[in-house]
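This report describes a single protein chain for a reader who meets it for the first time. Please look over the sequence and the structure before reading on.

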Amino acid sequence: MYADDATLRDPDQSLIVGKNDLREYYTQHFTFSRMLGTPQMQLTSTRTQVKGEFIYDIGEYSWSAIRSGRYVHKWAWIKDDYYLISDRFTIEQMQPLFELNNDENADAGNEDMDTGV
């Protein structure tokens, strides 16, 4: 699906370049997803545009209740088929994965720690 030199700009604006690094990136995300009980990601295409030799698929995504936002996939004809050459995701909404403990006792036992402040 991805071209050998494809790029991905993930929601935190990290740039992943190349098929091997993309494979590693998705392996880590799928492992994380399984740890969370395999929440589903849904992509909904809202517009497709052809500009010259490229096809742009623009849409919205939702990763269960974790986060949602927009995406742009850029496809190009390479040799004998279309391949994804550029992928970009943005976050519109994000839910915390874990609740923070705001108890008065949350810092109990840490009085002796020198924080340098």
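## Basis of the description

The model is predicted; local features need pLDDT of at least 70, side-chain atom pairs count only at pLDDT 80 or more, and totals for chains, interfaces and linings use all residues. Residues are numbered from 1 along each chain as its sequence is written, and side-chain values use heavy atoms, with hydrogens and water left out.

## Overall fold

Read from the N terminus, their order is β-β-α-β-β-β-β.

Of the 117 residues in the chain, 25% are buried. Here buried means under 20% relative accessible area, exposed means over 50%, and partly exposed lies in between (1.4 Å probe, protein chains only). Contacts, defined as heavy atoms within 4.5 Å, also describe the chain: among those between residues at least 6 apart in sequence, 35% join residues at least 24 apart.

## The nonpolar core

A nonpolar core is a set of buried Ala, Val, Leu, Ile, Met, Phe, Trp, Tyr and Cys residues joined through side-chain atoms within 4.5 Å. The largest one has 13 residues, and those touching the most other members are Tyr2, Ala6, Leu8, Ile16, Leu22 and Phe89. At least two residues of this core come from each of β1 (2–9), α1 (19–35), β5 (67–78) and β6 (81–94). The largest share, four residues, is supplied by β1.

Ala6 shows how parts of the chain meet. Beyond its neighbours within four places in sequence, Ala6 is in contact with Ile16, Val17, Gly18, Leu22, Leu84 and Ile85. Val17 counts as partly exposed, at 44% relative accessibility. Apart from neighbours within four places in sequence, Val17 is in contact with Ala6 and Thr7.

## The largest pocket

Rolling a probe the size of a water molecule over the atoms shows where empty space is left. The search uses a 1 Å grid over the protein atoms alone: a pocket is an open set of points where a 1.4 Å probe fits, with protein on both sides within 12 Å along at least five of seven lines, and lining residues have an atom within 4 Å of a point.

The largest pocket holds about 360 Å³ of space. This volume is the space filled by probe spheres set on the points, which are joined across faces, edges and corners. There are 18 lining residues, and Tyr26, His29, Phe30, Met41 and Phe89 are the closest to the centre of the pocket. Phe89 is also among the core residues that touch the most other members.

Two or more lining residues come from each of β1, α1, β3 (41–51), β4 (54–63), β5 and β6. Helix α1 gives the largest share of the lining, five residues. By class, 13 lining residues are nonpolar, three polar and two charged. In this scheme Ala, Val, Leu, Ile, Met, Phe, Trp, Tyr, Cys and Pro are nonpolar, Asp, Glu, Lys and Arg are charged, and the others, Gly among them, are polar.

## Individual residues

Arg88 lies in strand β6 and is partly exposed, with a relative accessible area of 40%. The side chains of Arg88 and Gln13 make a polar contact (3.2 Å). Such a contact is a pair of N or O atoms within 3.5 Å; within protein, one must be able to donate a hydrogen and the other to accept it, and residues adjacent in sequence count only if both atoms are side-chain atoms.

| Pair | Separation in sequence | C-alpha distance |
|---|---|---|
| Arg88 and Gln13 | 75 residues | 8.8 Å |
| Ile55 and His73 | 18 residues | 8.1 Å |
| Val17 and Ala6 | eleven residues | 5.9 Å |

Ile55 is in strand β4 and counts as partly exposed at 22% relative accessibility.

Ser68, in strand β5, is buried, with a relative accessible area of 17%. By contrast, Lys79 is exposed, with a relative accessible area of 78%. Lys79 occupies the loop between β5 and β6, and its phi is near 60°, a positive value in a residue other than glycine.
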